[in-house]
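Here is a short report on one protein chain. Look at the sequence and the model, then read on.

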Amino acid sequence: MSVEVIKPGLLSSLQDGGRRGYASLGLGRTGAMDEPAWRLANALVGNHDDEAALEITLAGPTLRFQHDAVIALTGAVIEARADGQALPPWTSCFLPAGTLLRLGGMRHGCRSYLAVRGGFDAAPVLGSRSTDLHAHIGPLDGRALQAGDVIDIGGREPAAWFRPAQGVQALRWGLDPQPWLDYARAPLGLLRGHHHGALDHASQHALFAQRFVVSKDSNRTGNRMDGPLLRLDHPLELVSEATLPGTLQLPPSGQPILLLAEAPVTGGYPRIGQLAAVDLPRIAQRRPGDAVCFRESTMDEARQRLRTRNDALQQLIQRIAQRLESP
């Protein structure tokens, strides 16, 4: 089973839960930028929780499925047509062999996820099928999709209700994306970083009071933030220190950089904040030109929000699995 890439889209890459445990070798985590969307896409097609899916940025690819397939599209709602028929978002859909799937643009949000039953069967590198575009590690020699690529799909026994159908059709389970997408664009929780106190008074205030905008010079490594210039109260001479997805750094330009999934494992800029982990999927869906506001958070609050989100996500995944297994 396989899928052929006819057009690659703007930026599409295979991603799973990430490549963890190799920071000592200089390799970051990478993985899906919007973890709940990735996990729910897999759940909707009956996959194991760790299967690779296709992460699509802003404008999607055109793909031809060589065999019957069950797919789901989550994350930012993307225009999707299979042999000319519109597909509903956040819903499991059946595509017969030979179907041409055209994925267009997203009116809101930045990243969509395409999961296929059986998962994309790329060879793992250091235990992960994630593509690290910065380090050129992972499937397809660590690069994004290109026209002419052929990606294998893993074989998996169909569930009782996954029966070949006549033509493209939506199947029996769909989700409301509303609870999982940041339509309200509420402020993101930010903890004070190790060097927050080195900011001058005006900059400390502006960090939590002013609006920033995602720069066009942003990617999976980090979002540059246009907005008020932040200044240090006095110059700092720093050695490189550990960084993570969500670390907010302040380069000499005064425009902060929020590190994302392909964050380097160390950095030498002042670390003025750390985004609450629960808000990483929300920043992943902000596109160039979108506004970003921060509110001050504590470690206890950030942990509780993450715990609540993860509990709700796991319960939903379990309900989907039960529904898929029912006659």
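## A salt-bridge network

Asp182, Asp279, Arg282, Arg286 and Arg305 are linked in a network of salt bridges. A salt bridge here is a side-chain nitrogen of Lys or Arg within 4 Å of a carboxyl oxygen of Asp or Glu. Side chains of opposite charge can pair when their charged atoms come close. By this rule the chain has 15 salt bridges.

The model is predicted: local features need pLDDT of at least 70, side-chain atom pairs count only at pLDDT 80 or more, and totals for chains, interfaces and linings use all residues. Residues are numbered from 1 along each chain as its sequence is written, and side-chain values use heavy atoms, with hydrogens and water left out.

Which residue does Asp290 meet in a salt bridge? The partner is Arg185, at 3.1 Å from N to O. This pair links distant parts of the chain, 105 residues apart. Asp290 sits in the loop between helix H4 (280–284) and strand E21 (291–292). Arg185 sits in the loop between strand E12 (169–174) and strand E13 (188–192). Helices (H or I, at least four residues) and strands (E, at least two) are DSSP runs, numbered from the N terminus. Asp290 has 14% relative accessibility, so it counts as buried. Arg185 has 32%, so it counts as partly exposed. The cut-offs are simple: buried means under 20% relative accessible area, exposed means over 50%, and partly exposed lies in between (1.4 Å probe, protein chains only).

Glu296 forms a salt bridge with Arg192, and their closest N and O atoms are 2.6 Å apart. This pair also links distant parts of the chain. Glu296 is in strand E22 (residues 294–296), Arg192 is in strand E13, and 104 residues separate them. Glu296 is partly exposed, at 39%. A further salt bridge joins Asp217 and Lys216, at 3.6 Å from N to O. Asp217 is partly exposed, with a relative accessible area of 47%. Lys216 reaches 67%, so it counts as exposed.

## Two leucines with positive phi

Most residues other than glycine have a negative phi. Leu126 has a positive phi, near 50°. Leu126 lies in the loop between strand E10 (111–116) and helix H2 (139–142). Is Leu126 buried or partly exposed? Its relative accessible area is 38%, so Leu126 is partly exposed.

Leu140 is not a glycine either, yet its phi is positive, about 55°. Leu140 lies in helix H2. Its relative accessible area is 24%, which means Leu140 is partly exposed.

## Two residues and their contacts

Where is Asn42 placed? Asn42 is in helix H1 (residues 35–44). Its relative accessibility is 0%, so Asn42 counts as buried. Not counting residues up to four places away in sequence, Asn42 touches Asn47, His48, Asp49, Glu51 and Ala115. Contact means heavy atoms within 4.5 Å.

Glu4 lies in strand E1 (residues 2–7). At 25% relative accessibility, Glu4 counts as partly exposed. Glu4 and Thr62 are 58 residues apart in sequence, and their C-alpha atoms are 8.7 Å apart in space. Leaving aside neighbours within four places in sequence, Glu4 is in contact with Thr62, Leu63, Arg64, Gln66, Asp149 and Val150.

## The whole chain

How many helices and strands are there in the chain? There are 5 helices and 22 strands. Along its principal axes, the C-alpha trace spans about 70 × 35 × 35 Å. With 327 residues, a compact globule would have a radius of gyration near 20 Å, and the chain has 20 Å, which agrees. This radius is taken over C-alpha atoms, and the globule rule is 2.2 Å times the number of residues to the power 0.38. Take the contacts between residues at least 6 apart in sequence: 77% of them join residues at least 24 apart.

Buried residues make up 52% of the 327 residues. The chain has 34 positive and 33 negative side chains, and the centres of the two sets lie 4 Å apart. Lys and Arg count as positive and Asp and Glu as negative, while His and the chain ends are not counted. The place of a charge is taken as NZ of Lys, CZ of Arg, CG of Asp or CD of Glu.
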